Amino acid sequence: MSKTVELAKHLEKLHINNMYKNDFYWTWDKTDEELEAVFTVADALRDLRERNISTRVFDSGLGISIFRDNSTRTRFSFASACNLLGLEVQDLDEKKSQIAHGETVRETANMVSFMADVIGIRDDMFIGEGHKYQKTFVDAVEEGYRDGILEQRPTLVNLQCDVDHPTQCMADMLHVIHHFGGVENLKGKKVAMTWAYSPSYGKPLSVPQGVIGLFTRFGMDVVLAHPEGYEVMPEIEEIAKKNAAATGGSFSKTNSMEEAFRDADIVYPKSWAPFAAMEKRTALYAGGDQAGIDRLEQELLAQNAQHKDWACTEDMMKLTRDGKALYLHCLPADISGLSCEEGEVDSSVFDRYLVPLYKQASYKPYIIAAMIFMSKVKDPAAALMELDRRGEKRKEF
């Protein structure tokens with residue numbers, strides 16, 4: 001029995017009917033079994049790919065990507081995921097579209113969705129706006145489908161918003177699951193999700209929020225560490241507390257990076273902007289106050305500079321469990337002495353974890369493909385078995 005068939009048989013036992021023809025906004029919208037299904041399908045698709053078996057479940061169709069912020073890994077991961085399943089990919093460049101001439105979100109949503117099966121959107125720049133844009137876009141598509149404009153309703157995959165980065169955090173978690181040899185080995189593991197110094201400002205809060213919102217669902221002891229003034233959204237902290245209480249893990253906060261790193265099994269040092277400052281930034285942009293935006297940027301850069309000691313150094317890593325904690329980063333990292341003079345992580349630490357970091361990133365195309373698969377395939381277990389059967393049959397010739 002192949003690995004794919006074993007995974008498909010496991011998938012049959014999960015209660016996942018609500019995923020069919022549904023969107024993927026935030027991880028905390030999904031049940032434990034639905035998240036498990038995404039991990040399971042991702043592993044199955046990877047197994048098929050590694051055995052050179054076609055995973056095409058579409059004969060035609062489009063995957064539309066809309067990136068309202070810069071991206072390398074997620075952009076190519078989305079394209080790879082669509083290609084893996086048999087979809088063509090078209091990227092909407094808003095600067096080259098009629099959006100620049102005042103086209104509404106409702107009009108754009110319907111015009112780009114003809115024969116589209118999935119739409120991936122990244123909109124993480126402004127607090128209070130990213131998720132709202134995604135929701136407005138999908139509501140317009142839903143209306144177009146009901147009115148008979150669209151022959152089918154495309155699925156949304158959140159490629160990062162102002163609240164969560166589900167494709168990144170799900171890929172991170174699948175990497176962690178495999179690194180520690182299974183979900184059953186995660187309970188009690190200490191995770192340090194810590195702020196780290198960056199010479200730039202305005203980095204989204206969605207990764208730290210996504211991590212504390214997801215990792216607390218696995219019985220882990222998650223610590224959120226940051227200097228005073230770098231708080232994340234309070235409602236996400238509440239989600240993390242609730243998850244930890246339900247799984248027997250814990251969620252705590254500290255203003256000490258050393259405390260977070262001490263005896264940690266996993267460390268995730270990454271810069272992010274203060275929630276309150278990003279709310280202010282959104283208001284300044286909405287009001288067209290460029291002078292105010294410039295002043296805020298200088299204030300935040302000066303604030304960051306007061307915490308240059310918040311860095312993942314060799315000495316900091318020695319504090320972790322046996323000095324060998326798993327280092328995670330969504331990339332690109334601010335690497336001291338390489339990409340910047342002083343940054344989030346020492347180059348010696350980063351170089352030592354380069355292969356695991358690339359492995360971490362490699363899970364994202366399969367996670368995205370699994371999200372699409374679960375939404376567009378009515379019986380995913382049967383579909384995986386059929387893909388495996390066809391692949392093995394072709395090998396006979």
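Colleague: Which residue in β4 is the bridge partner of I119?

Modeller: L156 is the bridge partner of I119 in β4. Keep in mind that this is a predicted model.

Colleague: How many bridges join β3 and β4?

Modeller: Five bridges link β3 and β4. The two strands pair in the parallel sense.

Colleague: And what holds strands of a sheet together in general?

Modeller: Strands of a sheet pair through backbone hydrogen bonds. The pairing can be parallel or antiparallel.

Colleague: What is the strand order in the sheet with β3?

Modeller: The order is β2-β1-β3-β4, an open sheet of four strands with parallel pairing. Its edge strands are β2 (88-92) and β4 (155-161), and each pairs on one side only. On average, neighbouring strands in this sheet are turned by 20° against each other, with direction ignored.

Colleague: Back to I119. Which residues does S113 touch?

Modeller: Leaving out residues up to four places away in sequence, S113 touches I119, V141, L150 and P154. S113 is in the loop between α4 (105-111) and β3 (116-123).

Colleague: Is S113 buried or exposed?

Modeller: Buried, because its relative accessibility is 1%, and the cut-off for buried is under 20%.

Colleague: New topic. What is the order of strands in the five-stranded sheet?

Modeller: That open sheet runs β7-β6-β5-β8-β9, with parallel pairing. β7 (250-254) and β9 (326-327) stand at the edges. Each has a single partner strand, so one side of each is left without a neighbour in the sheet.

Colleague: How many bridges join β5 and β8?

Modeller: Four bridges, in the parallel sense, with β8 covering residues 266-269. M193 stands opposite Y268 in β8.

Colleague: Which strands does α7 touch?

Modeller: α7 packs on the sheet and touches β5, β6, β7 and β8. Its direction makes about 160° with that of β5. As for α8, that helix lies across β6 and β7, at about 140° to β7.

Colleague: Let's talk rings. How many aromatic pairs are there?

Modeller: The count is seven aromatic pairs. One of them is W195 with Y230: the ring centres are 4.5 Å apart and the planes are at 45°, so the pair is tilted.

Colleague: Where do W195 and Y230 sit?

Modeller: W195 is in the loop between β5 (190-194) and α7 (206-215). Y230 is in the loop between β6 (221-225) and α8 (234-247). The pair therefore ties together parts that are 35 residues apart in sequence.

Colleague: Are these two buried or exposed?

Modeller: W195 counts as buried, at 0% relative accessibility. Y230 counts as buried too, at 1%.

Colleague: Which residues form an aromatic cluster with W195?

Modeller: Y230 and W310 form one aromatic cluster with W195.

Colleague: What sits over the ring of Y133?

Modeller: The charged end of R68, 3.8 Å from the ring centre. Likewise, the charged end of R75 sits over the ring of F67, 4.4 Å from its centre.

Colleague: Last one. What does UniProt say about residues 211-372?

Modeller: An unreviewed UniProt entry annotates them as "domain: Aspartate/ornithine carbamoyltransferase Asp/Orn-binding". In the model, that span is 50% helix and 12% strand. Its end C-alpha atoms lie 21 Å apart.

Technical notes
Residues are numbered from 1 along each chain as its sequence is written. This is a predicted model: local features need pLDDT of at least 70, side-chain atom pairs count only at pLDDT 80 or more; totals for chains, interfaces and linings use all residues. Side-chain values use heavy atoms; hydrogens and water are left out. Rings of Phe, Tyr and Trp (its six-membered ring) pair if their centres lie within 6.5 Å; planes under 30 degrees apart count as stacked, over 60 as edge-to-face and the rest as tilted. Buried means under 20% relative accessible area, exposed over 50%, partly exposed in between (1.4 Å probe, protein chains only). A charge sits over a ring if NZ of Lys or CZ of Arg is within 6 Å of the ring centre and within 35 degrees of the ring normal. Two strands pair if DSSP finds at least two bridges between them. Contact means heavy atoms within 4.5 Å. Axes are lines fitted to C-alpha atoms, for helices over the stretch in contact, and angles run from 0 to 180 degrees between N-to-C directions. UniProt positions are given in the numbering used here, feature names are shortened, and annotations may be inferred rather than shown by experiment.
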